[in-house]
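Please report on the side-chain links and strand pairings of this structure. Keep it brief and give the cut-offs.

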Amino acid sequence: MQTLDASFVQHCEGGTAATSGEVHIANPVAPPELGLGLGVAVDGTASALDGKATVSGTVTCNKATQVAVSGLVTQVKNKVIIRGPYSTSVACVPGKTVAWSVQADPTGTTPFQGGDVEVGVQASAPDSDYGTTATASDTAVVHLTKVRK
C-alpha cells in the first residue's frame, strides 16, 4: 500500500486568517508483472503417414492470460536437414501447469523420422495491467518415436 498524508495551512497576503486542511491518499499495491514459465517434453512422435512431428510441453503464469506458443522443430537425418514450424495458443491459469501440443509440418519433401530433434519454443502473452508483452523461450532435444497415425 502506498500512502500520502499531508496537512497544510495557507495564509493570504500576510494576513492572520488562514485556510487549513488535510489530504489522505491511499493507493493499493501495484499488481505484479506477468511472469511466464515454459517447458518442452523430452518425447514426441513422428507420423509414418504424413511425416509430421508432434511435440508438446507446458506453460505456467502468475496471471490469467492467453499465451501464444510457437517454434521450430529441426532434425538432421542422412545429412538432410528437416525443419518444421509450429504455433498454437493456450489459456494460462495462474498457479496451474497448462499443457500445449502441436504438429510441425516439414517444410521440404523429407518427412520427420524417428530419432532426436531440436525443438525451439517461444511463448508470449500480453500483460494488460502494464500494456507490455511477457516472453519466455526454451530449447530442448526431443526424441521422436515413429508411429503409424
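Asp129 is partly exposed, because its relative accessible area is 44%. The scale is this: buried means under 20% relative accessible area, exposed over 50%, and partly exposed in between (1.4 Å probe, protein chains only). The model is predicted: local features need pLDDT of at least 70, side-chain atom pairs count only at pLDDT 80 or more, and totals for chains, interfaces and linings use all residues. Residues are numbered from 1 along each chain as its sequence is written, and side-chain values use heavy atoms, with hydrogens and water left out.

**Salt bridges**

Asp129 meets the side chain of Lys63 in a salt bridge, 2.8 Å from N to O. Lys63 lies in the loop between β5 and β6 and Asp129 in the loop between β9 and β10 (132–147), so the pair ties together parts 66 residues apart in sequence. Helices (H or I, at least four residues) and strands (E, at least two) are DSSP runs, numbered from the N terminus. A salt bridge needs a side-chain nitrogen of Lys or Arg within 4 Å of a carboxyl oxygen of Asp or Glu. The count by this rule is two.

The other partner of Lys63 is Asp127, with the closest N and O atoms 2.7 Å apart. This pair, too, links distant parts of the chain: Asp127 sits in strand β9 (residues 115–127), 64 residues from Lys63. Lys63 and Asp127 are both buried. For Lys63 the relative accessibility is 15%, so it counts as buried. Together, Lys63, Asp127 and Asp129 form a network of salt bridges.

**Disulfide**

There is one disulfide in the structure. The term means a pair of cysteine sulfur atoms within 2.5 Å. Here Cys61 and Cys92 are joined, with their sulfur atoms 2.3 Å apart. The angle about the S-S bond is -115°, a left-handed link. Cys61 belongs to strand β5 (residues 53–61) and Cys92 to strand β7, so the link ties together parts 31 residues apart in sequence. Cys61 has 8% relative accessibility and so counts as buried. Cys92, at 3%, is also buried.

β5 has two faces. Ala53, Val55, Gly57, Val59 and Cys61 make up the covered face, while Thr54, Ser56, Thr58 and Thr60 make up the uncovered one. Two strands pair if DSSP finds at least two bridges between them. The pairings of β5 are listed here.

| Partner of β5 | Sense | Bridges |
|---|---|---|
| β3 (residues 36–40) | antiparallel | five |
| β4 (residues 43–47) | antiparallel | two |
| β8 | antiparallel | seven |

Gly37 has Thr60 of β5 as its bridge partner. Val55 stands opposite Val102 in β8. The hairpin of β4 and β5 has five residues between the strands, and there Gly51 takes a positive phi near 75°.

**Aromatic pair**

How many aromatic pairs does the structure hold? It holds one. Tyr86 and Trp100 have ring centres 6.1 Å apart and planes at 10°, so the pair is stacked. Rings of Phe, Tyr and Trp (its six-membered ring) pair if their centres lie within 6.5 Å; planes under 30 degrees apart count as stacked, over 60 as edge-to-face and the rest as tilted. Tyr86 is in strand β7 (residues 80–92) and Trp100 in strand β8 (residues 98–104), 14 residues apart. Tyr86 is buried at a relative accessible area of 5%. Trp100 is buried at 2%.

Thr65 is found in strand β6 (residues 65–77). With 12% relative accessibility, Thr65 counts as buried. Its side chain reaches the backbone oxygen of Pro126 at 3.3 Å. A polar contact is a pair of N or O atoms within 3.5 Å; within protein, one must be able to donate a hydrogen and the other to accept it, and residues adjacent in sequence count only if both atoms are side-chain atoms. Contact in general means heavy atoms within 4.5 Å. Not counting residues up to four places away in sequence, Thr65 touches Leu34, Val90, Ala91, Cys92, Ala125 and Pro126. Cys92 is the disulfide partner of Cys61.

Gln75 also lies in β6. Its relative accessible area is 1%, so Gln75 is buried. The Gln75 side chain reaches the backbone oxygen of Gln113 at 2.8 Å. Leaving aside neighbours within four places in sequence, the contacts of Gln75 include Val80, Ile82, Phe112, Gln113 and Val117.
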